[in-house]
Amino acid sequence: MNWTRAMTSVQAAIFRTNANLRTREICLRAIVGLSVFFSLLMTEGHGDEPVAVAAANVDGADVQDILFCSPRRPFLIRLHLSGNGQGFRRARRDWAEAQFAVYDVDKNGVLEGDELKRIPSPEALRLGRAVESSKIAPPDSDPADGKVTPAECRRYLLAASGTPFSIATQPSGVQANLFPKLDSDQDGKLSREEILGAAAKLRRYDQNEDDVISANELQQSVADEQALTQQKLSGVLGMLAVVDASDHGLAASRRLLESYDKASRDPATKTFRKDERLTKNELLIEPDLFERADLNHDGKLDRIELGQLSFVMPPSVELAIEAPSAAGVFLVSNMRPSDPAHATSISVTQEVSGPLLLVLNETAFSLTATKPAGDIEQELRSTYKNQFKNLDRDKNDYLDLAEMNRFGFQETFFSQADVDGDGKVFEKEYEAHIEREIELSKTAFVLEVGGDGRSLFRLIDAAPADGRLTLRELADASARLNQWDGNGDGMITLTELSIALNGVFRSGTPRVSGPFGVGRTRVVESMGGPRRQSTASTSLPAWFIKMDRNSDGDLSPNEFLGRRALFDTIDKDDDGLISAEEATAVPK
């Protein structure tokens, strides 16, 4: 029997019942005690599976809850995650069951002797994430008889590898603070005249006269706009917590306390401190839900009560994420109408372009689901395996920590690959760890959250967004900026450039926690900052490719090596640039 599901189903039913408060309290205390008891049994290896399902969900196959602690109040976002029509936790379970066959060399149905050494440590299974190994029961624990059965192995691997769902940040490009550079009168607003003059003002920053303005050239003593965007993004991500039954909701409990526990004056010490409990004035949830969670009736919710609260809060939003669906389509959709009680603070709309727009108070999430970028699994394997010889600088057939650090590997990668702890990573250990990371990462479901802050740099740097402003992008700057005049007053304020967030759900993305990334746009460092490598089509004239020294896809008069009269003849639209299309149209 699945005790986790049974206990939490009963607990949720008790919260919904109309029984008097005292009866609910007695039942809930019993349920909490039983939950802890059976969780401890499972931790010691006596249950039928680890506590690794969202406790608010009956079947646990596809549900994952996220707690969003907005400045005003917490919201519970319920996700139904699936891939190819299968609940997302099934992939991790299948992986755990398949691993037993890998470890069982003699195929006798149990792991024993040297086979036990093949079972990886929790550190090796967490892909660089922190883990408290002491809280994870060893594989041989039910009973501890020197043999590990398939059930014991599966239970250990699921507990040691952690939750298959995580939230990660997307890398953001370099941006510079353009607002004060364009705001000539420093009134905090960009007038129509200031917007029209943006191109002329920004061209003055082209220090190396390559007709491209980089973020580095724009950096001055003023505060960096990207730093502000990242600060806002970090603050929003700090409001998100994955609700995980394996820690009995303690992580979500900590997030609630961090978000809403206000310091008060201690009369004894005459200092301000937080009391690690939340009152009704601090935690703005429905009064009846607060009272039900307040088991000891002291008017405050402590860590344990808050941990249980995260499992039984009604979801404010319930979304279905199919990455992909059984039909191969990637979808994010709203599963039910929004709660009328939250109508003023929650909005869920399906945008025409495809993404689902979720607005919680002032924070907007544009949510999509997509497949991993390209077929990177084999590329990862070949890239990392081919690097072993290069890493082995002293050619002694193994890698030490210094050699791996020299190439940008983190110490955690070394310690996880060094299974026997001898301070040496031999080629077989190195390749085995790469395989372990790839196969395990393919079972994960990730929400990648990135800042889509409407900074001026990002708005102008649009084709492509490579951290540089080309002459064509500058010429189009006025039209682009006018789109963000939200109130139609002919001016742009910092408020109209507030941060938004984009979230991308991905399942089964192969990865390795090392420095040799693949499947991404490659950039090279130049004097002017990050620069996209040329992706010019081979159908372009050779003269165009050679003259396009800054690889921006256009030729300026400075780059063109012929007469100005010829330049003007090729520049059919008289915009001062020769585009790829205009170059292709030139007779050969």
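**Close-up views of a predicted model**

**View 1. The surroundings of Asp261.** In this predicted model, a polar atom of the Asp261 side chain lies 2.9 Å from the backbone nitrogen of Glu276. Asp261 belongs to the loop that links α11 and β8 (264-266). Because its relative accessibility is 4%, Asp261 counts as buried. Beyond its neighbours within four places in sequence, Asp261 is in contact with Leu256, Lys274, Asp275, Glu276, Arg277, Leu278 and Glu282.

**View 2. The buried side of helix α11.** Helix α11 comprises residues 250-260, of which Ala252, Ser253, Leu256, Leu257 and Tyr260 are buried. These residues lie on the same side of α11 because they cover an arc of only 140 degrees around the axis. The packing partners of the buried residues of α11 are β1, β2, β7 (240-243) and α13 (303-312).

**View 3. Helix α13 and its start.** Eight of the ten residues of α13 are buried, leaving the helix mostly covered. The buried set consists of Glu305, Leu306, Gly307, Gln308, Leu309, Ser310, Phe311 and Val312. At the start of α13, the backbone nitrogen of Ile304 has a side-chain oxygen of Asp302 within 3.2 Å.

**View 4. The largest nonpolar core and a separate core.** The largest nonpolar core contains 28 residues, and the members touching the most others are Leu79, Phe165, Ile321, Leu358, Leu360 and Phe505. At least two residues of this core come from each of β1 (63-69), β2 (74-83), β10 (317-322), β12 (346-350), β13 (356-360), β14 (363-369), β17 and β20 (501-507). Strand β2 supplies the largest share, four residues. Another core, of 22 residues, lies apart from this one and includes Ala252, Tyr260, Leu283 and Ala293.

**View 5. The contacts of Leu358.** Leu358 is one of the residues touching the most other members of the largest nonpolar core. With neighbours within four places in sequence left aside, Leu358 is in contact with Ile77, Val317, Ile346, Ser347, Val348, Thr363, Ala364, Phe365 and Leu367.

**View 6. The loop position of Ala444.** Ala444 is located in the loop between α18 (427-441) and β17 (445-451). Residues up to four places away in sequence not being counted, Ala444 touches Arg92, Pro164, Arg506, Ser507 and Gly508. Ala444 and Arg506 are 62 residues apart along the chain, and their C-alpha atoms are separated by 8.4 Å.

Conventions. Residues are numbered from 1 along each chain as its sequence is written. This is a predicted model: local features need pLDDT of at least 70, side-chain atom pairs count only at pLDDT 80 or more; totals for chains, interfaces and linings use all residues. Side-chain values use heavy atoms; hydrogens and water are left out. Contact means heavy atoms within 4.5 Å. A nonpolar core is a set of buried Ala, Val, Leu, Ile, Met, Phe, Trp, Tyr and Cys residues joined through side-chain atoms within 4.5 Å. Buried means under 20% relative accessible area, exposed over 50%, partly exposed in between (1.4 Å probe, protein chains only). The arc is that of the directions from the helix axis to the C-beta atoms. A polar contact is a pair of N or O atoms within 3.5 Å; within protein, one must be able to donate a hydrogen and the other to accept it, and residues adjacent in sequence count only if both atoms are side-chain atoms.
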